[in-house]
Amino acid sequence: MTLPDQEAAPTVAERRAARRANQTAFNLVLALLASLGIVLFLVVVVVRPEMEPRTVDFGEIGAAAQASVDEPLAVPDLPAEWTANRAELVANPADGVTRWEIGFLTPEGQYIGLVQGVDANDSWLADQVRSARSGGTEHIGGLTWNSYDRRDVADPGNIEYALATTSGASTIVLGGTASEEEFAVLAAAVAEGLE
C-alpha cells in the first residue's frame, strides 16, 4: 500500500509544479492585457483628431496695439491664403524693447514670425536671428533687408532663414522655415505697409 502512495506523491508534486508554472504564464498574460488596456485608454483620452490651426485677426489686434506705441506697427496686407496664429504687443522692461509679434502660416504650410522691435539694439537683433551672420542684403519693397541663413545648422529650430531691416525707430525681423519666395512676399507687404 505504500508503494502506490509513493508513486502518486511525485505525480501530485509534478501537477502542483506544472500548475504553478502555468499560473505564472497566466499572470504574465493578465498583466500584459492590463497594460495594453491602460495604453489604449490613454491613447483614446489623449490623442485628439487634427484640428484647424487657430487663427487671429492680426490687423484688428495691431490697430488696438497701435494706440500704446508711437512707432507705426507693421501690419502687412497679405493674400487670404496667409493666416496668423498669434499677434501680440509685448513690453519687455528687462531690455527696454517693445516687440510687436505676429506668427504667420504661409500658403505652403510653413512658418514665418514677424518681430518688430521698437528702439532695439544690435544684441536684440542678434538674439532674434540666433546669432547668425548676415549673408548679404536684398532690396525688397523699397527697403534693404539683411539675410540670415541657418539652414546648414544641425538644429535651426523655427529660425532657418531670416530677413531683417530697420524703419524709423524699429528693427523688423522676419524669421522662419518658409521658402525665400514666401519671405519676399511678406517682406514686400511689410515694406508697403510701412510707407
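Start by selecting Phe41, which sits in helix α1, residues 2-46. Helices here are DSSP runs of H or I with at least four residues, strands are runs of E with at least two, and both are numbered from the N terminus. The model is predicted, so local features need pLDDT of at least 70 and side-chain atom pairs count only at pLDDT 80 or more, while totals for chains, interfaces and linings use all residues. Residues are numbered from 1 along each chain as its sequence is written, and side-chain values use heavy atoms, with hydrogens and water left out.

**Stop 1: the surface of helix α1**

Keep Phe41 selected. Its relative accessibility is 54%, so Phe41 counts as exposed (buried is under 20% relative accessible area, exposed is over 50%, and partly exposed lies in between, with a 1.4 Å probe and protein chains only).

For a distance check, pick the C-alpha atoms of Phe41 and Ala18: the two residues are 23 apart in sequence and 35 Å apart in space.

**Stop 2: Tyr148**

Go to Tyr148 in strand β5, residues 143-149. Tyr148 is buried, with a relative accessible area of 7%.

**Stop 3: the salt bridges**

A salt bridge is counted when a side-chain nitrogen of Lys or Arg is within 4 Å of a carboxyl oxygen of Asp or Glu. By this rule there are four.

Select Arg86, Arg99 and Glu101, which are linked in a network of salt bridges. Between Glu101 and Arg86 the closest N and O atoms are 3.1 Å apart. Glu101 lies in strand β2 (residues 97-105) and Arg86 in strand β1 (residues 83-92), so this pair ties together parts that are 15 residues apart in sequence. Between Glu101 and Arg99 the N to O distance is 2.6 Å. Glu101 is buried at a relative accessible area of 10%, Arg99 is buried at 16%, and Arg86 is partly exposed at 26%.

Next select Arg151 and Glu180, whose side chains meet in a salt bridge of 2.7 Å, N to O. This pair links distant parts of the chain, 29 residues apart: Arg151 is in the loop between β5 and β6 (161-167), and Glu180 is in helix α4 (residues 180-194). Arg151 is partly exposed at 36% relative accessibility, as is Glu180 at 37%.

**Stop 4: the largest pocket**

Finish with the residues lining the largest pocket: Arg86, Glu101, Tyr111, Gly113, Val115, Gln128, Arg130, Asn158, Ile159, Val173 and Gly175. Strands β3 (111-118) and β7 (170-176) are the elements that give two or more residues to this lining, and β3 supplies the largest share, three residues.

How values were computed: On a 1 Å grid over the protein atoms alone, a cavity is a set of points where a 1.4 Å probe fits but cannot get out, and a pocket is an open set with protein on both sides within 12 Å along at least five of seven lines; lining residues have an atom within 4 Å of a point.
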